Amino acid sequence: MALERTLSIIKPDATKRNLTGKINAVFEDAGLRIVAQKRIQLSEKQAGAFYAVHKERPFYGSLVASMIAEPVVVQVLQAENAVAKHREVMGATNPSDAAEGTVRKLFAESIEANSVHGSDSLENAKNEIAFFFAETEILP
């Protein structure tokens, strides 16, 4: 099986609570390698563009607002089957439905403040990674 890359975002609700290291420890313990990382403050324009796929959904405005409230940590994770592995380690979107030991079960405050974002397919991972990183910023 070939190595894959996926985008991971540690969201404002988690960065505000200083959970970056604890969340990354869960990812790394699961075999996901961090190959690029930066802490940034998203603008409303950037957050809106990143989540444009949800523009017609009723939660779009609050999603954008929550993503610009505090800094985020954007990162590229690499592993065999990285997209599926990352989604498994993140846990269900609703933390009350998330499995024990997953990031969202451990750290999420609510379905809205669920601490992390992850790409949902290999194609979206490639697009999402390119949104935040130049290829030269990703180091194996």
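These are my notebook entries on a predicted model of one protein.

**Ground rules.** I number residues from 1 along each chain as its sequence is written, and my side-chain values use heavy atoms, with hydrogens and water left out. As the model is predicted, local features need pLDDT of at least 70 and side-chain atom pairs count only at pLDDT 80 or more, while totals for chains, interfaces and linings use all residues.

**Overall.** I looked up the elements and found seven helices and four strands. Helices (H or I, at least four residues) and strands (E, at least two) are DSSP runs, numbered from the N terminus. From the N terminus on, I read their order as β-α-α-β-α-α-β-α-α-β-α. The C-alpha trace spans about 40 × 35 × 25 Å along its principal axes. I then checked the radius of gyration, taken over C-alpha atoms, against the globule rule of 2.2 Å times the number of residues to the power 0.38. For 140 residues a compact globule would come out near 14 Å, and the protein has 14 Å, which agrees.

I also looked up burial, where buried means under 20% relative accessible area, exposed over 50%, and partly exposed in between (1.4 Å probe, protein chains only). Buried residues make up 45% of the 140 residues. For contacts I used heavy atoms within 4.5 Å. Of the contacts with a separation of 6 or more, 77% join residues 24 or more positions apart.

**The sheet.** I followed the strands next, counting two strands as paired if DSSP finds at least two bridges between them. They form an open sheet of four strands in the order β2-β3-β1-β4, with antiparallel pairing. β2 (33-40) and β4 (116-118) are at the edges with a single partner strand each, so one side of each has no neighbour in the sheet. Neighbouring strands are turned by 20 degrees against each other on average, direction ignored. Axes here are lines fitted to C-alpha atoms, for helices over the stretch in contact, and angles run from 0 to 180 degrees between N-to-C directions.

Helix α7 (residues 122-132) packs on this sheet and touches β1, β2, β3 and β4; its direction makes about 60 degrees with that of β1.

I then went through the pairings of β3. β1 and β3 pair over eight bridges in the antiparallel sense; I9 has V74 as its bridge partner in β3, and I10 has V73. β2 and β3 also pair in the antiparallel sense, over seven bridges, and the bridge partner of R39 in β3 is V73. I noted that β3 is mostly covered, with eight of its nine residues buried.

**Helix α2.** I listed the buried residues of α2 (residues 20-29) as T20, I23, N24, V26 and F27. They fall within an arc of 150 degrees seen down the axis, so they line one face of the helix. The arc is that of the directions from the helix axis to the C-beta atoms. G21, K22 and D29 are exposed on the other side of α2. Just after the helix, G31 takes a positive phi of about 95 degrees.

**Helix α4.** In α4 (residues 60-67) I found Y60, L63, V64 and M67 buried. Their arc around the axis is only 95 degrees, which puts them on the same side of α4. As a reminder to myself, an α-helix has 3.6 residues a turn, so residues three or four places apart point the same way. The cover over the buried residues of α4 includes β1 (3-10), α1 (12-16), α3 (44-50) and β3 (72-80).

**H54.** This residue is in the loop between α3 and α4. I found H54 partly exposed, with a relative accessible area of 22%. Apart from its neighbours within four places in sequence, H54 is in contact with F59, Y60 and L63. H54 and V64 are 10 residues apart in sequence and 10.0 Å apart in space, C-alpha to C-alpha.

**T102.** T102 is buried, with a relative accessible area of 7%. A polar atom of its side chain lies 2.7 Å from the backbone oxygen of A99. Not counting residues up to four places away in sequence, T102 touches E88, V89, M90 and G91.

Notes: A polar contact is a pair of N or O atoms within 3.5 Å; within protein, one must be able to donate a hydrogen and the other to accept it, and residues adjacent in sequence count only if both atoms are side-chain atoms.
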